[in-house]
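Here's a quick look at one stretch of a fold and what sits around it. Have the viewer open as you read.

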Amino acid sequence: MKAYWLYPGTRKAWSRNERVARSHPDSNFKQIAAHIAEAKPHLFRWHVAGDILSTDYLHGMCRIADANPHTHFLAFTKAFDIVNRYEDSKALPGNLVIIFSAWPGMIFDNPHRHRVAWMQNGNESRVPEDAIGCPGNCETCGLCYALPRLGRDVVFYKH
């Protein structure tokens, strides 16, 4: 959120993106699908800031992942209930990794055993001993895309 408050251009773009996602979801997903079809990224992260808005929104994410099997998709979320309800009836595509974001003291249900991104401020006691410390550069790292395969969580240290 620091970028949202510091940079007016970022604030304007992110606000526009959320407005389009909420009011014109079909257009939103068509634009994202067109970008992915053109750029053919190896890795694609949903929401630098933001979250899964609804079950329909998650379904749109899954449709895009299904249509692009050579792209690996990643989303961090606090929309635990939306993801859990979706997965109670449908499986996520194999190329879509959803990581549950956990802040100190946050209670969440994780019946489908998603990997967790723990925010460590010195008070979080639930971080597994084998959690991998975030090296700090999503654009070049790619670690979080592999967390389910590695069977490990990630920890972000508050700075």
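Leu43 sits across from His72 in E2. Strands here are DSSP runs of E, at least two residues, and helices are runs of H or I, at least four, numbered from the N terminus.

A word on provenance: this is a predicted model, where local features need pLDDT of at least 70 and side-chain atom pairs count only at pLDDT 80 or more, while totals for chains, interfaces and linings use all residues. Residues are numbered from 1 along each chain as its sequence is written, and side-chain values use heavy atoms, leaving out hydrogens and water.

Zooming out, the open sheet has six strands, ordered E1-E2-E3-E4-E6-E5, with parallel pairing. E1 and strand E5 (132–133) are at the edges with a single partner strand each, so one side of each has no neighbour in the sheet.

Angles run from 0 to 180 degrees between N-to-C directions, with axes fitted to C-alpha atoms, for helices over the stretch in contact.

| Helix | Strands touched | Angle with E3 |
|---|---|---|
| H4 | E1, E2 and E3 (96–102) | about 140° |
| H5 (residues 80–89) | E2 and E3 | about 140° |

His47 lies in the loop between E1 (43–46) and H4 (55–67). With 16% relative accessibility, His47 counts as buried (under 20% relative accessible area, 1.4 Å probe, protein chains only).

Technical notes:
Buried means under 20% relative accessible area, exposed over 50%, partly exposed in between (1.4 Å probe, protein chains only). Two strands pair if DSSP finds at least two bridges between them. Contact means heavy atoms within 4.5 Å.
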